[in-house]
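Subject: Structure handover

Hello,

Here is the structure for you to look through. Please open it first, then read the notes below it.

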Amino acid sequence: MQKRLAMKHESWTAALAALAVLLVAQVSSGQASQPASPPTTLVKADRLLDPRTGNVLAPAAVLIEGDKIKQVGSPSQIGAPAGVKIIDLGKATLLPGLIDSHTHLFLDIIVLPEAELQRHKNAEFGPGLLLAIVESPSKRALMGAQLAREDLESGFTTVRNLGHSGIDGDTELRDAINAGRVPGPRILASGRKIIAQGSYLQNLNPALADAILQQEFLLLDGPDRARQAVRQNVFQNVDVIKVAVGGDISVAELTAVVEEAHRQHLKVAVHAGDEVSIQTAIDAGADSVEHGNDATNEQLKLMRDKGIFLDLTPTFFDGFWTKIHETSVLSPAFRSTLVTGDERRRQRAEALVQRVLKSGVKFAAGSDMGWFYPGKTRGQASAVMFANLQRAGMPSLEIVRAVTTNAAEMLGWQDRIGAVEPGKFADLVAVAGDPIADITELERVAFVMKGGQVIRNDSVSHPAPRP
Ligand SMILES: [Zn+2]
């Protein structure tokens, strides 16, 4: 035994010595050669829309070096450096990569049949959520990877994932995408959503309830536990803190979350739909109010004065609930309830959008998608929000801003995304027509580039030869 160990030791020493020689050889050869310059790409298109000003540069060229934008101007100003790869998008309109500032990549809930819906609390959401939690985390992670890819293919080059990812689904997916293991957008991950117990799931088996809830949520009960919840998410390396307030969290508790998060340089996104919850978010100094459906004019002004963003979720503005029940057999009475509810939401959305535009509050928009949407990929389903915002009365340029410039500022990433300018990530999309004339162009993104890498380039990649 002694001898075998000694021999083993000798062979290890020899192997290590060989490895050291190899490493030295590699280092010295690396020093001898010039460092390779990053690849350059020149993207040309007839038009480039700047959401900040509404100005259109025509024709336009964007020079990209590595993963960043180096120069933006007319093709004659920029020219084509030697060895550059040229992508000519012809008549297309270029704009910054889109940002979905509120999504749920690890949920794809199929709504229950009508009879089953009567039997549960939070019936459109709770049972599907429960299934997502108790099934295999590996299955859920792979689904998250698929939905992330679908978002990217529809032009969402950055998303903020605000909860419902298990313990570490979104932070791990973010890292896997950044490491090049799977394709997907840049992700700001919130980790587990901080909630008051009972706000999402009730009637659980008492023997399993705590274990189930802990897979998905961090429970807040008093300011001390609120701080602890933030620290637990910090341990998972999150980018943002998400709290859901449904009239069940005090200002003191939410203030503790905000203080601890800000101490850790993280922003706090607060789910708040009703007036009381929105006031709690404002008083506690949240960075953004998610949804904000019932915000009063006074609250919108307070938010404007405090610099709190409103993150609208327009997916639900027009016909959503009727649509996602399309795969079920519905009684005429239930269908009519759905249609009436959707019509009421449409009218309220219209009023909200008008009040938001008048108030001067800063706003962005997120899809809040977490449901299976018949006939659409996740990216296509998320893109429904653009037309919904327009039908609610928002001008096209404001819609584009809400998912580019404004969203970048809300996320705290205005230094890296949200505009096509030197120094920012080369995240670009292109559409065949003019998105200001027809906002549904954004549903048909034909070119997507993320960090200088072409993700898709279909119809506009083969422009008809110019006369
Ligand atoms: Zn949400």
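In helix H6 (residues 169-178), the buried residues are Gly169, Asp170, Thr171, Leu173, Arg174, Ala176 and Ile177. Buried means under 20% relative accessible area, exposed means over 50%, and partly exposed is in between, with a 1.4 Å probe and protein chains only. Helices (H or I, at least four residues) and strands (E, at least two) are DSSP runs, numbered from the N terminus.

This is a predicted model, in which local features need pLDDT of at least 70 and side-chain atom pairs count only at pLDDT 80 or more, while totals for chains, interfaces and linings use all residues. Residues are numbered from 1 along each chain as its sequence is written, and side-chain values use heavy atoms, with hydrogens and water left out.

Back to H6. Seven of its 10 residues are buried, so H6 is largely enclosed by the rest of the structure. What do the buried residues of H6 pack against? They pack against helix H5 (137-153), E9, E10 and E19. After H6 comes Gly180, which has a positive phi, near 80 degrees.

Leaving aside neighbours within four places in sequence, Thr171 is in contact (heavy atoms within 4.5 Å) with Ala189, Gln236, Asn237 and Val238.

H6 also belongs to a right-handed β-α-β unit, together with E9 and E10. Right-handed means that, with the strands pointing away from the viewer, the path from the first strand over the helix to the second runs clockwise. Strand E9 (residues 156-161) pairs with E10 in the parallel sense over four bridges; two strands pair if DSSP finds at least two bridges between them. Val159 has Ile187 as its bridge partner in E10.

Is strand E10 (residues 186-189) covered on one face or on both? Both are covered: Arg186 and Leu188 are buried on one side, and Ile187 and Ala189 are buried on the other. In a regular strand the side chains alternate between the two faces of the sheet.

Elsewhere, six strands form an open sheet with mixed pairing, in the order E3-E2-E7-E18-E19-E20. Its edge strands, E3 (56-57) and E20 (453-457), each pair on one side only. Inside that order, strand E18 (residues 428-431) pairs with strand E19 (residues 447-450) in the antiparallel sense over three bridges. Leu428 has Met449 as its bridge partner in E19.

Finally, the zinc ion. Which residues coordinate it? They are His102 (NE2), His104 (NE2) and Asp368 (OD), at 2.1 Å. Donors are N, O and S atoms within 2.8 Å of the metal (3.2 Å for Na, K and Ca), and water is not among the atoms, so sites may look incomplete. His102 lies in strand E8 (residues 98-103) and Asp368 in the loop between strand E17 (363-365) and helix H14 (378-382), so the pair ties together parts that are 266 residues apart in sequence. His102 is buried, at 0% relative accessible area, and Asp368 also counts as buried, at 11%.

Regards
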